[in-house]
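Here are a few notes to read alongside the model. Keep the viewer open and check each point as you go.

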Amino acid sequence: MNKDRVAEILSEIGVLLELKGENPFKTRAYASAARTIESLSEPLEKLVAEERLGTIKGIGDALQSKITELVSTGKLAYYDNLKASFPEGLLSLLQIPGLGPKKVKALYEKLGITNFDQLTESCRSNKVAELDGFGEKTQAKILEGIEFRKTYASRHHLHAALSAAEPILDQFRSHPDVIRCSTAGSLRRSKEVIGDIDFLVSSKQPASVVDFFVELPGIMSVSAKGETKASVVLGDGIQADLRVVSDREFPFALAYFTGSKEHNIVMRQRAIQRGLRLNEYGLFRANEETRDPALLVPCATEEEIFQQLNLEYIAPELREDHGEFAAAEAGKLPRLIEWTELRGSLHNHSNWSDGQNTLDDIVTHMTGLGCEYWAITDHSKSSFQAHGLTPERLRSQIKEVRAINHRLEGEGSSFRLLTGSEVDILSDGRLDFDDDLLVDLEVVVASIHQGFTQSEAETTKRLIRAAENPFVHTLGHLTGRLLLEREPYKVNHHAVIDACAGTGTWIELNANPYRFDMDWRLWHYAKDKGVKCVINCDAHRQEHAGFLRLGAGIARKGWLTKADVINTLPLARLRIELALKRGARVK
Ligand code: DGT
Ligand code: CA
Ligand code: CA
Ligand code: ZN
C-alpha cells in the first residue's frame, strides 16, 4: 500500500474517532500522523521494514503498529471495524461545506440522519434549524451545499472543462516556481465528457505552488489541501485536482495521471516483463514496488518511458487500451491529424435558418480565422422548428452565395462560401428535397431530425437509404445524441458504415461538444473500411468555429490522420472530391 493511501486512512480514522466523540488529542494525533506520512522523504516500506517508524516525531506505539499492519498486509482491522460501526453514507455528509464531524454526529444522534436524502428532508421540514448549534442560517447553507454537490459531482462537456483548465494552466506557466506543467487525465486524453480536471506541475517548491493554486480567482471552494496536492471546485462546478512532483518524477507522474487506468495496467505489465517496475514515481530496476532513486531508469520525457518499454510514442488521445500497444510495438501508429490541418467546415447554419449570423458576417469572421472555405448548409423545409428553407428560398440563397463569391473573387480573396443544405432524412429514408435541387448544391449533408422513436432496424435502413442517394456527400450527426442530455437513437453503426463504404458516402464527425457524433470508438472501423470523415462545426454562431479544434481531438481518439479527413483538402482539391463523389454514380 502506498503512503498516500496510508495517510488517507489515518486521516479518515481521525474523522471517525471525532464522530465517535473521542477526545480531541487522540483524533488530532491521527490527522497529524497522516500529514507526516504524506510528506515523508524516505519510502514508507523501507521505514517499516527497518522498524524505524518509532524514530519519527508524533508516531507513537499505537500508530506504529497500525501503520506496519497497513503497509505489510494492505489492511487494518481496527479501521475496518471502526468504519463498520457507522451506518453507510454517514461519512459522505462530511463533503458538505460547513458540516464537520461534530455537526454530523449531532444530525445522526438527534435526528437519525445517515444520508443526503434524509438530510434534505429534515432541512425542508425545518427540523435541522431547531437543533442546538444549527439555526436557520446553517440549515439554508446545508441545503445549498447539497444542491451544489449534486452539480459538481456530475460530469462535464469537454469544452467546459477545457475553458476552465486553460487559464489555470497559463497561470502555472508563468509562475516562477513551476518548472513543467500539464493537464492530465481524461482532459489530456480528449475524452468526450470529463469527470474532473487533473493538473500536474513539477517544482522545487510544492507548497508554494499548492498555495498559489488554491488562491486563484475562479476557485469556489477547496475540498482538500496537502503539501503536494489539492482538490478544488472551479466556478462552473467542475472539480480539479493538482499534484506537484519533482521534475525528475514529472514524466512518470504525467504518464500515470494521464491514464487511462486500462492503458496504465498494460504499461505496468510491460515493465514487469522486462524486470522493471513502473509507477507514478518512476521506472525502476526492481522486482517489487519501490521508489528508490538508486534503482531509477532515468527518463526525461514520456517519449523515453515508451522507448524503455520498446514502444513508439503513444499520443495521449490513444491511451485507452484500444489496440495502441500492438500498433506501437509494430511501429504502425498513425500520424494523427492536427486541428490546424483543417481548412474549413462543411456543415454550418446562417440566419437563413436557425443560425445567428448573416452570410456576410460569416465570410468576414471565417476569413479572419484563416479558413479557406465554409459551406452554408441551412436546414430543409421539414425542420420548420429551425426555420428550414423551402426550395424557393434555397434557390435564392444559392444566388446570394454565388454573388458573394463573385465579390470575393473581385477583391482578390481566395476564401469561398460553398452552397449546400443539411437536408432532412424523412421517416422512410427519402430526402426532404428533390434530386433536381440537390444537384445544384455543392455540399449536401443528410441528417435525421425527427422520428427518434423508430426501432434500430428502421433507423439503420433510413440512414442507409440516405447514404445511397448519389447527391448526398455526408451523413450528419449519426445518432442524434446530446452528451449528458439525450441518449443516442439506436443505430447499427457497422451496417451504416458498410453501406457508406459501398457508396463512397462520407460520415460526419460533428464537432459540437454536445454531440461528437459519430462516436470516436467507431472511427477505427470506418477508416479500415475506407470511409472518409468530415469534421464539421455544425456552427450556429461564429464562436462555434472553435469546435474544429475539439473535433480534431476526438478524431485523434479515433486514430484518424489528415488523409482520412476530407476537410483537410485545399479548396480546389475539395471541389474535385465533391464532384467525384457524385460523378462516380451519376453520368
Ligand atoms: P475522469 O476524471 O473520470 O474523467 O477520468 P480520468 O481518467 O481523468 O480519471 P481520474 O481523474 O480519476 O484519474 C486520472 C488518472 O490517474 C487516470 O486516468 C489514471 C490514473 N489513476 C487514477 N487512479 C488510478 C488507479 O487506481 N490505478 C491506476 N492504474 N491508475 C489510476
Ligand atoms: Ca480526471
Ligand atoms: Ca482526478
Ligand atoms: Zn442537424
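How many nonpolar, polar and charged residues does the lining of the second largest pocket have? Keep that in mind for point 2.

1. Some ground rules. This is a predicted model, where local features need pLDDT of at least 70, side-chain atom pairs count only at pLDDT 80 or more, and totals for chains, interfaces and linings use all residues. Residues are numbered from 1 along each chain as its sequence is written, chains are lettered from A and ligands numbered from 1 in the order in which they are written, and side-chain values use heavy atoms, with hydrogens and water left out.

2. The pocket. The lining has eight nonpolar, ten polar and 13 charged residues (Ala, Val, Leu, Ile, Met, Phe, Trp, Tyr, Cys and Pro count as nonpolar, Asp, Glu, Lys and Arg as charged, the others, Gly among them, as polar). A pocket here is an open set of points on a 1 Å grid over the protein atoms alone, where a 1.4 Å probe fits, with protein on both sides within 12 Å along at least five of seven lines; lining residues have an atom within 4 Å of a point. This one holds about 740 Å³ of space, taken as the space filled by probe spheres set on the points. Of its 31 lining residues, Y256, F257, K261, N264 and E280 lie nearest the centre.

3. Who builds it? α13 gives the most to the lining, four residues. Helices are DSSP runs (H or I, at least four residues), as are strands (E, at least two), numbered from the N terminus.

4. The ligand. Ligand 1 sits in this second largest pocket, meaning that more than half of its atoms lie within 2 Å of the grid points. Its shell has 16 residues, with S186, R189, G195, D196 and D198 the closest; a shell residue has a heavy atom within 4 Å. α10 (185-188), α12 (250-258) and α13 (261-273) each supply at least two of the shell residues.

5. Polar contacts (pairs of N or O atoms within 3.5 Å). Oxygen atoms of ligand 1 lie 3.0 Å from a side-chain N or O atom of R189, 2.7 Å from a backbone N or O atom of G195 and 2.9 Å from a polar side-chain atom of D196. The protein covers 70% of the 590 Å² of accessible area that ligand 1 has on its own (Shrake-Rupley method, 1.4 Å probe).

6. A cis peptide bond joins G259 and S260, with omega about -5°. S260 lies in the loop between α12 and α13.

Definitions and conventions: Polar contact = N/O pair within 3.5 Å; in protein donor to acceptor, adjacent residues only side chain to side chain.
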